[in-house]
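Hi everyone, thanks for coming. I'd like to walk you through one structure today, so let me put it up on the screen.

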Amino acid sequence: MSTSTPSSRGVAILVTDGFEQVELTGPRDALKAAGITTRIVAPKAGQVQGFRHDAKGDALPVDLTLKDARPDDFDAVLLPGGVINSDALRTDADAQAFVQAIDRAGKPVAVICHGAWLLIDAGLVKGKTLTSWPSLATDLRNAGAEWVDQEVQVQGRWVSSRKPDDLPAFQKALLQQLQG
């Protein structure tokens, strides 16, 4: 049986249209600088549309559709925020199954801002301590999580963050998870 070294397979960045661009590009670039491969996984092929708050940003190419992505092929999942993105993914059965499989396998789950909605709808937050955009505090508490207001929260292999301003702390914590 072969074993993989941390980050040998890379990180799935799970998004759809309406993701907060810097919450994808910041961590992606930090991971790349550390020699870690990332792949954008989305419900549809082609491109996904980023946003800079409420204005359109860049469209980025999708590497794999959710239908074709296998959680076993990744070392971790990254869930950028963005209200439109997160609201769409939270009810996507394939997205829920993907994060559930990553979590079951004991792999890191990294989430920013509104990205926690998917984890709530996937039934994964009960008993966890997370941070997020403040408007998700009640949603997280109602789902059985403890919500904290801080730039980054690490619990076991889960890393969560509130907003773009917190990206430096989030990226540092994520890299520590992946590099041991």
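Let's start in the sheet: Ala 12 has Val 77, in strand 7, as its bridge partner. Strand 1 and strand 7 run parallel as a pair, with three bridges between them. Keep in mind, please, that this is a predicted model.

Stepping back, the sheet is open and has seven strands, in the order 6-3-1-7-8-12-11, and the pairing is mixed. Strand 6 (64-65) and strand 11 (152-155) are at the edges with a single partner strand each, so one side of each has no neighbour in the sheet.

Now to helix 3. What does helix 3 touch on the sheet? It packs against strand 1, strand 7, strand 8 and strand 12, and its direction makes about 135° with that of strand 7. The buried residues of helix 3 include Phe 98, Val 99 and Ile 102, and Asp 103 is among them too. Those buried residues also pack against helix 2 (83-90) and helix 4 (116-121).

After the helix comes Gly 106, with a positive phi near 75°.

Last stop: Ser 132, in the loop between strand 9 (129-130) and helix 5 (137-142). Is Ser 132 buried or exposed? Buried, with a relative accessible area of 0%. Its side chain makes a polar contact of 3.0 Å with that of Trp 147, and Ser 132 also touches Cys 113, Leu 140 and Arg 162, among others.

How values were computed
Residues are numbered from 1 along each chain as its sequence is written. This is a predicted model: local features need pLDDT of at least 70, side-chain atom pairs count only at pLDDT 80 or more; totals for chains, interfaces and linings use all residues. Side-chain values use heavy atoms; hydrogens and water are left out. Helices (H or I, at least four residues) and strands (E, at least two) are DSSP runs, numbered from the N terminus. Buried means under 20% relative accessible area, exposed over 50%, partly exposed in between (1.4 Å probe, protein chains only). A polar contact is a pair of N or O atoms within 3.5 Å; within protein, one must be able to donate a hydrogen and the other to accept it, and residues adjacent in sequence count only if both atoms are side-chain atoms. Contact means heavy atoms within 4.5 Å. Two strands pair if DSSP finds at least two bridges between them. Axes are lines fitted to C-alpha atoms, for helices over the stretch in contact, and angles run from 0 to 180 degrees between N-to-C directions. Lists of a residue's contacts leave out its neighbours within four places in sequence.
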